[in-house]
Amino acid sequence: MRLMLSCIAMLLLLSAAVASADDDWQMWNDYAIKYPLIKNKVDMNGIFDTRFRNDMDEFFRYHFYVGPDYYPLKWLLLGFQYGNVQQKPEGGEFQTEHRFMWFLTPKFSLGDLGIRDSFLSNFKFTLQNRLEWRHRYYYTFKNTWRYRFYPKISYPVFKSKYLEISPYVGDAFYFPMEDSIAFNENRIYSGAVFKVCNHLSLDFYYMRQATRPGRGGDWAGNNIIGTIATYEF
């Protein structure tokens, strides 16, 4: 446990170390609900998100996502969501994006792979694959595809009847498919999830976001402080 906490603390320090004084600080807040339609098989999700930029002083984006998750196997999630995204460019008005998203997400622990060591077996892995179809009337390419690969590792450092604490690290890679496939965005996460009474999860994280135009150009960075509150019925 001490080793895991030390690793998480070091990752947070390294993430902060790469931040430049010129980088923007933002705050992203997600509010989610999950309702089981068929126990252990099908869930319905709803997510509302708000974002603030310019050192958390300007409200520039909100979105709604809704859709089902299906578990054909204990370790595999298949999902679909529709998203309505409202985002404001610098000095402009809010613009609408319609987004359709398909998910394929293996989830497993080292224990599921046969590793019985009492410490190692509790490491959990999530390998999320997300394919998006995006309609933006104001964009050069109005209808585009984008692929995201988001691997994440977590470990429960504390577990009781009413509380579970799981620090995690993750790295999301974005590949837009407009006139060609390019790698133009990377998001490195470090945070912890606090699960309370099996119904409420509170996720607090720091994320380092790096973006660039297309497959070339210089990388620009943002620092994001984020929260995710999820209630499961």
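**Exercise 1. In this predicted model, how many residues lie between β1 and β2 in their hairpin, and which turn residue has a positive phi?**

Solution. Start with the strands. β1 covers residues 24-38 and β2 covers residues 42-53. Three residues separate them in the hairpin. Asn40, in that turn, has a positive phi of about 65°. Now check the pairing. The two strands run antiparallel, over eleven bridges.

**Exercise 2. How many bridges join β2 and β3, and in which sense do the strands pair?**

Solution. The pairing is antiparallel, with twelve bridges. Arg53 has Glu58 of β3 as its bridge partner. The β2 and β3 hairpin has four residues between its strands. Asn54 there takes a positive phi near 50°.

**Exercise 3. Is His63 buried or exposed?**

Solution. Locate His63 first: it sits in β3, residues 58-73. Its relative accessible area is 2%. The cut-off for buried is under 20%. His63 is therefore buried. Next, its surroundings. The His63 side chain makes a polar contact of 3.0 Å with the side chain of Arg61. Beyond four places in sequence, the contacts of His63 include Ile47, Phe48 and Asn84.

How values were computed
Residues are numbered from 1 along each chain as its sequence is written. This is a predicted model: local features need pLDDT of at least 70, side-chain atom pairs count only at pLDDT 80 or more; totals for chains, interfaces and linings use all residues. Side-chain values use heavy atoms; hydrogens and water are left out. Buried means under 20% relative accessible area, exposed over 50%, partly exposed in between (1.4 Å probe, protein chains only). A polar contact is a pair of N or O atoms within 3.5 Å; within protein, one must be able to donate a hydrogen and the other to accept it, and residues adjacent in sequence count only if both atoms are side-chain atoms. Contact means heavy atoms within 4.5 Å. Two strands pair if DSSP finds at least two bridges between them.
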